[in-house]
Amino acid sequence: MKDYIIIGAGLCGLSTAKKITELNLGSVLILEKSRGVGGRMATRRTLNTRFDHGAQFYRVKSDIAEFHKIWKDNQLSHQWFVSFKGDHWCANDGMTSLAKKIASGLEIQLEKQVQQIFFENNIWRIVSDKNEEWLCKYLIITAPLPQSIQLIEHSSLGAIVKLSELEELKKIQYTKALIGLVILEEDFSINEHGYEEYSNGDFFSIADQKSKGISQDRALTLTMSPHFSEIEFEANDEVTLQKILKIFLKQFPNTKIKEAELKKWRYCQPTGTYKNFSCEIAPKLYLAGDSFGGSSLLGAVRSSVGLTEVLLEN
Ligand SMILES: Cc1cc2nc3c(=O)[nH]c(=O)nc-3n(C[C@H](O)[C@H](O)[C@H](O)COP(=O)(O)OP(=O)(O)OC[C@H]3O[C@@H](n4cnc5c(N)ncnc54)[C@H](O)[C@@H]3O)c2cc1C
């Protein structure tokens with residue numbers, strides 16, 4: 001029995017747990033379905049090197065300033081580049097390492113996929129796909145919003161769910177993302193700082209992992225546009241990967257690809273943001289995450305800060 005259980009160890013879940021702990025609001029446990037923490041703040045070891053294949057950087061603004069200080073003071077992050085959009089910071093060892101730092105000291109159970117939730121005698125009962133159970137007074141779900149809604153609907157909570165809010169939340173969809181992880185035969189420079197974002201065409205961005213300092217190899221993360229990703233998402237993986245490589249070679253004919261791999265995100269970025277930083281969708285059941293604070297790491301933290309203020313008031 002915990003005071004708080006948080007579903008999801010992405011940045012929003014970790015940040016919320018940390019703030020609840022710092023404010024002495026009660027005991028808190030995070031349940032995460034994956035083998036590690038970070039969610040879309042993700043680093044993959046593959047093709048004999050390391051790639052950030054979710055978030056590439058964070059931008060330093062007030063909401064994330066506290067975490068930025070921790071990461072910077074512990075030599076975990078460095079400034080990657082500055083553009084007209086501001087300061088872009090990345091992790092020395094991959095973005096997951098930043099999530100791991102926030103996670104240290106928190107109680108987290110990994111590989112726990114929550115499948116159903118029940119509200120009985122003013123207590124939340126949480127059940128995993130392996131029929132494990134936990135109890136808590138307050139439940140916080142920080143999964144990408146469509147997954148949170150699916151969990152609520154799968155749980156048949158009946159009249160306690162605020163249906164008008166649920167309908168409002170269902171309007172927020174997510175873009176998909178197909179990612180090509182590529183090792184080149186020879187050196188390549190996309191631009192002076194190693195990151196390029198495109199406003200049209202098949203690419204959303206190209207990020208040079210060597211210029212970030214997380215790979216010794218000529219490793220690139222090719223993030224395809226939401227349009228391309230939506231069309232190709234259900235196609236055969238190998239065919240899709242070859243398509244991505246062909247587009248890359250057409251745009252950069254002087255490059256040679258050594259190895260490549262495909263990664264898919266069904267939920268990349270929310271297409272809209274909810275009116276508040278969190279939503280109490282049923283008694284003592286809160287939804288939070290980037291659909292509430294904005295579609296970025298900053299937004300995930302902003303949502304957690306807003307939610308903690310609500311918990312504190314209550
Ligand atoms: C390809 C890509 C590139 C991006 N680039 C950037 C960038 O450069 N800069 C930036 O600021 N942002 C970027 N973003 C967005 C940023 O990564 C997200 O906004 C942020 O990580 C969201 O954090 P979150 O905690 O809200 O959700 P998530 O990180 O998605 O965390 C949710 C967690 O819940 C877990 N979960 C889901 N369902 C269950 C369940 N039933 N039981 C248990 N656990 C569950 C998931 O496994 C996950 O770990 C990018 C995203 C993607 C996909």
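Start with the protein chain as a whole: among its contacts with a separation of 6 or more, 66% join residues 24 or more positions apart. Keep in mind throughout that this is a predicted model.

**The whole chain**

Show the chain as a cartoon. It contains ten helices and 18 strands. The radius of gyration is 20 Å, close to the 20 Å that the globule rule gives for 314 residues, so the chain is as compact as a globular protein of that length. Turn the view along the principal axes, and the C-alpha atoms fill a box of roughly 65 × 45 × 35 Å. Of the 314 residues, 45% are buried.

**The two domains**

Next, colour by domain. Select 2–44 + 91–171 + 272–313 for domain 1, then 177–265 for domain 2. The centres of the two domains, taken over C-alpha atoms, are separated by 31 Å. Now select the contact between them: domain 1 gives five residues and domain 2 gives four residues. On the side of domain 1 that touches domain 2, there are two polar and three charged residues, and no nonpolar ones.

**The ligand**

Which residues are the closest to the ligand? They are G8, G10, G39, A143 and G289, out of 39 residues that surround the ligand.

Colour this shell by class. It has 19 nonpolar residues, 16 polar residues and four charged residues. Then go back to the domain colours: domain 1 and domain 2 each provide at least three residues of the shell around the ligand.

Helices come next. Select α1 (11–22), α4 (145–154) and α10 (297–313); each of these supplies at least two residues of the shell. Which element gives the largest share of the shell around the ligand? That is α10, with four residues.

Is N48 buried or exposed? N48 is exposed, because 11 other C-beta atoms lie within 10 Å, and a residue counts as exposed at 12 or fewer.

N48 and E259 are 211 residues apart along the chain, and their C-alpha atoms are separated by 10 Å.

How values were computed: Residues are numbered from 1 along each chain as its sequence is written. This is a predicted model: local features need pLDDT of at least 70, side-chain atom pairs count only at pLDDT 80 or more; totals for chains, interfaces and linings use all residues. A residue is near a molecule or strand if its C-beta atom, placed from the backbone, lies within 6 Å of it. Ala, Val, Leu, Ile, Met, Phe, Trp, Tyr, Cys and Pro count as nonpolar, Asp, Glu, Lys and Arg as charged, and the others, Gly among them, as polar. Domain bounds come from an automatic or database domain assignment. Two residues are in contact if their C-beta atoms, placed from the backbone, lie within 7 Å. A residue is buried if 20 or more other C-beta atoms lie within 10 Å of its own, exposed if 12 or fewer, and partly exposed in between; C-beta atoms are placed from the backbone. The radius of gyration is taken over C-alpha atoms; the globule rule is 2.2 Å times the number of residues to the power 0.38.
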